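This report goes through one protein model, part by part. Please look at the sequence and the structure before reading on.

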Amino acid sequence: MHTAYITHPECLKHDMGSGHPESPLRLRAIDDRLHAAHLFDYLIHREAPLVHRSQLLRVHDAAYIDSIEAASPYQGFHALDPDTGMNPHSLDAAYHAAGGAVMAVDLVMRGEVASAFVACRPPGHHATRSQAMGFCIFNNVAVAAAHALEAHGLERVAIVDFDVHHGNGTEDIFRNDPRAMLCSTFQHPFYPHCGADTASGHIVNVPLPAGTAGAAYRAAFSAQIMPRLEAFRPQMLFFSAGFDAHREDDMAQFGLVEADYVWITEQTMGVAARHAKGRIVSVLEGGYDLSALGRSAAVHIKTLADL
Ligand SMILES: [Zn+2]
């Protein structure tokens, strides 16, 4: 069984301006590192399709989708919030990013691959039901999780969000849906300034202080996330795979390294093996130091693919 690598050329054309950390170079860095590490040829490559509006409507308000479509500029740039904007390619990139996450679920559920990594952008985990923010337009991992529930009839799915920022959009979308567990580790206090006091039965928030490195991170993950995941018995696992908690990433102040990403991946794959027939889909979120992002994503994918 193999691992799918899903991307689309349009995701390289979404550009929020020179100097913006969420740049097309991020996908190039992952691609380059997969080649350099001789992993690229072992993956099953698929082009991300456009998402269907009905798939977006499971997690976003119709009026919000309409507003994003209306905001898409024919030329120039349209700012959605101080950090997030659209060029003429952004809408298509966002459709492909969400569509790629849906495709990942379909490939894994049909047994065509054991796992999948969605290397698309814009990222998604800050996008709420009705608001773009934090570089995110549509919440790709939420679209994927909802697709697993609604189109494939699963009863329980779990999202492990190891991005350094809280997955506030994913929490917003699934707050009242106990079929979807969110486990989010994040630097606190820090952007987006929420999540520390909103945990519930299926929202497992693990705020950690600036300076948290591998040993403390693993201890928190083992104590606060693993027992909850095991008890929940998810039928499919998702990663919100942000690599901005890396020691070399200036976006935040965590100290994770590649070995920590391997460990997180292995722990979660263990849950998938025990409860979910190994089904696991990983969706790219943050990660802004290009070298650290490329290396971290490569070891994450290598581990997913058991290479
Ligand atoms: Zn982040």
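## The zinc site

A donor is an N, O or S atom within 2.8 Å of the metal; water is not among the atoms, so a site may look incomplete. The model is predicted. Its zinc ion is coordinated by D163 (OD), D163 (OD), H165 (ND1) and D244 (OD), at 2.0 to 2.7 Å. Four donors count as tetrahedral if all angles lie between 85 and 135 degrees. Here the angles among the 4 donor atoms run from 53 to 152°, and the site is irregular.

Along the sequence, the donor residues follow the spacing D-x1-H-x78-D. H165 sits in the loop between β6 (157-161) and α6 (168-174), while D244 sits in the loop between β9 (236-241) and α8 (258-275), so the pair ties together parts that are 79 residues apart in sequence.

Are these two residues buried or exposed? Buried means under 20% relative accessible area. H165 has 7% relative accessibility, so it counts as buried. D244 is buried as well, with a relative accessible area of 0%.

## Around H126

H126 belongs to the loop between β5 (115-118) and α5 (140-150). With a relative accessible area of 4%, H126 is buried.

The side chain of H126 makes a polar contact of 3.3 Å with the side chain of H125. Another polar contact, of 2.6 Å, joins the side chains of H126 and N168. Leaving aside residues up to four places away in sequence, H126 touches residues including H165, H166, G169, Y191 and P192.

In soluble globular proteins, nonpolar side chains tend to be buried together. The largest nonpolar core of this model has 100 residues, and M236 and F238 have the most contacts inside it. Helix α4 (residues 90-109) gives the most to this core, with 13 residues.

Which residues does F238 touch, not counting residues up to four places away in sequence? Among them are V105, V141, A144, A145, A148, I159 and V281.

## The chain as a whole

The protein chain has 9 helices and 10 strands. Its radius of gyration is 17 Å, close to the 19 Å that the globule rule gives for 307 residues, so the chain is as compact as a globular protein of that length. Taken along the principal axes, the C-alpha atoms fill a box of roughly 50 × 40 × 40 Å.

Of the 307 residues, 61% count as buried. Among contacts with a separation of 6 or more, 74% are between residues 24 or more positions apart.

Conventions:
Residues are numbered from 1 along each chain as its sequence is written. This is a predicted model: local features need pLDDT of at least 70, side-chain atom pairs count only at pLDDT 80 or more; totals for chains, interfaces and linings use all residues. Side-chain values use heavy atoms; hydrogens and water are left out. Donors are N, O and S atoms within 2.8 Å of the metal (3.2 Å for Na, K and Ca); water is not among the atoms, so sites may look incomplete. Four donors count as tetrahedral if all angles lie between 85 and 135 degrees; four count as square planar and six as octahedral if opposite donors are over 155 degrees apart and all others between 65 and 115; anything else is irregular. Helices (H or I, at least four residues) and strands (E, at least two) are DSSP runs, numbered from the N terminus. Buried means under 20% relative accessible area, exposed over 50%, partly exposed in between (1.4 Å probe, protein chains only). A polar contact is a pair of N or O atoms within 3.5 Å; within protein, one must be able to donate a hydrogen and the other to accept it, and residues adjacent in sequence count only if both atoms are side-chain atoms. Contact means heavy atoms within 4.5 Å. A nonpolar core is a set of buried Ala, Val, Leu, Ile, Met, Phe, Trp, Tyr and Cys residues joined through side-chain atoms within 4.5 Å. The radius of gyration is taken over C-alpha atoms; the globule rule is 2.2 Å times the number of residues to the power 0.38.
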